[in-house]
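Please read this report alongside the sequence and the structure.

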Amino acid sequence: MEPTFSSFRILTGLHRGYPTSVRKTYFQGECIFKEGEPGDNAYIIVKGEVELFVLINGETKLISRLSQGSIFGEMALIDDGLRSATAVASSILEVIIITRKHFDEKVSCIDPFVNTLLKVILKRYREMRERLEHAVTTPNSEEVLIASESSQSLQQATYLSACQVEAED
């Protein structure tokens, strides 16, 4: 089961406790953001549903349908990367917008190790997605081996990075 932000206390605190958080309503079929765009906000669903789509080989593919309490758009805030999907309201959608400023305030309070870990996990996800998209266009068993070797190298680099953070403390 996906962890959610559906607790009323969390949603109320986000909306009332932080002036940088805003509620917004989108209509069915309205695009919230597009794949490949820079992202300055994340969204927590208060009511309604959103669908996430990716473009693979020129075809739009539905990858997820999210509802109340789910967050989306967070990846671009974590790693300053581009949007990895297009988000479209599949019903009337009410969200709490988490701005970059609000997100940065929260992240500044967490342990640097945890912050680095989040970025590493996200980097792995983005790299794996790119390899999978490439594998779909040119299926080749050698690519799976290369992806596996690359993942092992990334794990080693992650370990070294974690050791460096530990040594600095």
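The text below takes these topics in turn.

This is a predicted model, in which local features need pLDDT of at least 70 and side-chain atom pairs count only at pLDDT 80 or more, while totals for chains, interfaces and linings use all residues. Residues are numbered from 1 along each chain as its sequence is written, and side-chain values use heavy atoms, with hydrogens and water left out.

**Sheet.** Helices (H or I, at least four residues) and strands (E, at least two) are DSSP runs numbered from the N terminus. An open sheet is formed by 4 strands in the order E1-E8-E3-E6, with antiparallel pairing; two strands pair if DSSP finds at least two bridges between them. Strand E1 (22–26) and strand E6 (71–72) are the edge strands, each pairing on one side only. E3 and E6 are joined over 2 bridges, and Ile44 stands opposite Ile71 in E6.

**Cores.** A nonpolar core is a set of buried Ala, Val, Leu, Ile, Met, Phe, Trp, Tyr and Cys residues joined through side-chain atoms within 4.5 Å. Buried means under 20% relative accessible area, exposed over 50%, and partly exposed in between (1.4 Å probe, protein chains only). The largest core has 16 residues, of which Ile32, Tyr43, Val50, Phe72, Leu93 and Val95 touch the most other members. The elements giving two or more residues to this core are strands E2 (31–33), E3 (41–47), E4 (50–56), E7 (86–89) and E8. A second, separate core of 11 residues includes Ala42, Leu77, Ile98 and Val107. Ile98 lies in strand E8 (residues 93–99) and is buried, at 7% relative accessible area. The C-alpha atoms of Ile98 and Tyr43 are separated by 5.8 Å, although the two residues are 55 apart along the chain.

**Salt bridges.** The whole structure holds 6 salt bridges, each a side-chain nitrogen of Lys or Arg within 4 Å of a carboxyl oxygen of Asp or Glu. The table gives three of them.

| Glu94 | Arg23 | 2.7 Å |

Glu94 in strand E8 and Arg23 in strand E1 are 71 residues apart. Glu94 is buried at 17%, whereas Arg23 is partly exposed at 32%. Glu51 is buried at 16%, and Arg65 is partly exposed at 47%. Asp80 is exposed, with a relative accessible area of 59%. Asp40, Asp80 and Arg100 are linked in a network of salt bridges.
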